[in-house]
Amino acid sequence: MKTFLQLFLISVFSINLLLAQSLLDGFNRANNTTVGNNWSEIETAANTAEINTNRLQLNTNTVVGREWVYQDISAQYETILTNNSQVLTWACNMRQSYPNPDGFVSGKYGILFVLGSSSSDFSTANGYAVSIGKDGNVFPVSLVRFNGGFDSDAKISYLISGGSFKTEYTSIKVNYNPDTDTWSLYAEGNPTTFTDPLNISTQIGSQVIDATYTSQDLIFTGAYYNHGNSSGENALFDNLYIPGTAVPSTSIQFASSSAFVNESAGTYNIQVAISNPDASNATSADIVLTGGSATNGSDISSYSTQTVTFPANSSSNQTVAISITNDVDLEGPENLQFEIQNVSGGISNNAQAGVPGVFTLNIVDNDIASLMISEVADPSDNTNYRFVELYNNSNS
């Protein structure tokens with residue numbers, strides 16, 4: 001009979017197996033018409049695949065077409081799915097702008113995140129994906145199996161479908177249990193912003209058993225956009241997770257959340273720290289003045305956004321110098337608020353702003369009003385008891 005401790009350890013171990021995943025790409029890098037970070041691009045026109053505002057964006061042009069990016073992930077985990085001993089988890093954020101995503105026939109609109117594909121040629125491969133877009137005036141999220149590509153609806157089998165997501169910012173998660181070949185699909189939509197796809201809990205449809213391609217080596221993943229010739233439409237992808245052991249991401253944060261400094265100090269150095277620096281990739285961030293009661297250019301010398309850069313494999317703090325004005329004004333305590341923004345580089349080029357990501361610098365006023373009051377009686381006034389009051393309120 002197993003002891004309580006043994007059962008507890010088995011339970012914890014099972015949870016860890018279930019939750020194992022790694023962030024393949026969060027696309028947190030500067031805008032660029034080249035996606036980079038090991039992605040290969042298949043485009044019908046120049047710049048239809050790009051990094052835009054820390055997301056992957058696939059764009060339409062004036063012709064019917066298909067845009068996709070792909071990469072080989074065989075080094076990340078066992079890509080013959082049935083050979084795994086743990087529940088596999090994929091997750092992503094994706095959204096398409098066309099109001100009626102109606103599928104994958106040429107000229108229609110639909111998007112997919114490819115969980116696993118036997119080939120980088122998504123017009124001939126076999127495998128599994130999650131999609132938004134389906135013929136028939138319904139716009140579900142679907143777990144699909146594709147046979148010979150997905151350049152037409154005839155090649156796609158919809159294993160699980162549900163909901164109506166249209167143009168919503170959709171977070172999706174898929175679990176696969178290799179012991180039973182059971183698949184589960186989860187999805188949640190938001191009209192304005194993505195959420196963390198790993199934390200969603202709304203199940204779509206029911207579990208399904210499918211082993212059609214789980215014994216094939218599905219070594220490619222990717223993002224795919226099928227579109228017509230309408231200009232100005234796009235598909236967004238973000239936070240693509242694949243199975244594997246979670247890798248700690250690089251983060252940049254302030255060494256403390258606040259500090260006090262006397263206005264006579266002259267200079268204060270804000271300390272900026274890094275966690276999990278990459279061995280071969282530098283990490284940078286902007287330190288932005290976002291608010292506070294002190295006046296930029298008056299209480300401090302004019303401050304404009306400064307960029308700090310941590311060299312590869314360096315964990316030493318970086319500093320941002322603030323020049324404080326020692327004026328003669330009676331102001332009382334004032335403060336400045338700084339925020340970490342536009343983080344780039346780090347492990348897998350996915351560095352993030354850590355905690356604390358906001359720093360408050362409190363400036364202590366050293367100008368004290370000297371106030372001396374002396375009340376002198378008028379000795380000649382024995383009736384009204386007049387007094388003369390003398391005072392000085394000059395600054396010292």
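Two rings of Phe, Tyr or Trp count as a pair if their centres lie within 6.5 Å; for Trp, the six-membered ring is used. In this predicted model, a search of the whole structure finds 17 such aromatic pairs.

**Phe27 and Trp39**
- The ring centres of Phe27 and Trp39 are 6.2 Å apart, and the ring planes make an angle of 25 degrees. Planes under 30 degrees apart count as stacked, so this pair is stacked.
- Phe27 and Trp39 both lie in the loop between β1 (22-25) and β2 (40-42). The pair therefore ties together parts that are 12 residues apart in sequence.
- Phe27 is buried, and so is Trp39.

**Tyr169 and Phe194**
- The rings of Tyr169 and Phe194 have centres 5.1 Å apart and planes at 75 degrees, so this pair is edge-to-face. The cut-off for that label is over 60 degrees.
- Tyr169 belongs to strand β11 (residues 169-177). Phe194 lies in the loop between β12 (182-190) and β13 (208-209). The contact therefore ties together parts that are 25 residues apart in sequence.
- Tyr169 has a relative accessible area of 14%, so Tyr169 is buried. Phe194 is at 13% and also counts as buried. The limit for buried is under 20%.

**Aromatic cluster**
- One aromatic cluster is formed by Trp68, Phe122, Phe146, Phe150 and Tyr224.

**Lysines over tyrosine rings**
- Lys134 places its charged end over the ring of Tyr158, 4.8 Å from the ring centre.
- Lys173 lies over the face of Tyr186, at 5.2 Å from the ring centre.

**A five-stranded sheet**
- An open sheet is built from 5 strands in the order β17-β24-β22-β19-β20. The pairing is mixed.
- The edges are β17 (258-262) and β20 (306-310). Each has a single partner strand, so one side of each is left without a neighbour in the sheet.
- On average, neighbouring strands of this sheet are turned by 25 degrees against each other, direction ignored.
- Strands of a sheet pair through backbone hydrogen bonds, either parallel or antiparallel.
- Strand β22 (residues 334-345) and strand β24 (residues 358-364) pair in the antiparallel sense, over 6 bridges.
- Glu334 has Ile363 in β24 as its bridge partner.

Definitions and conventions:
Residues numbered from 1 in each chain as written. Predicted model: local features only at pLDDT ≥ 70, side-chain atom pairs only at ≥ 80, totals over all residues. Heavy atoms only, no water. Helix = DSSP H or I, 4+ residues; strand = E, 2+ residues; numbered from the N terminus. Buried < 20%, exposed > 50% of the residue type's maximum accessible area, 1.4 Å probe, protein only. Lys NZ or Arg CZ within 6 Å of the ring centre and 35° of its normal. Pairing = 2+ DSSP bridges. Axes fitted to C-alpha atoms, helices over the stretch in contact; angles between N-to-C directions.
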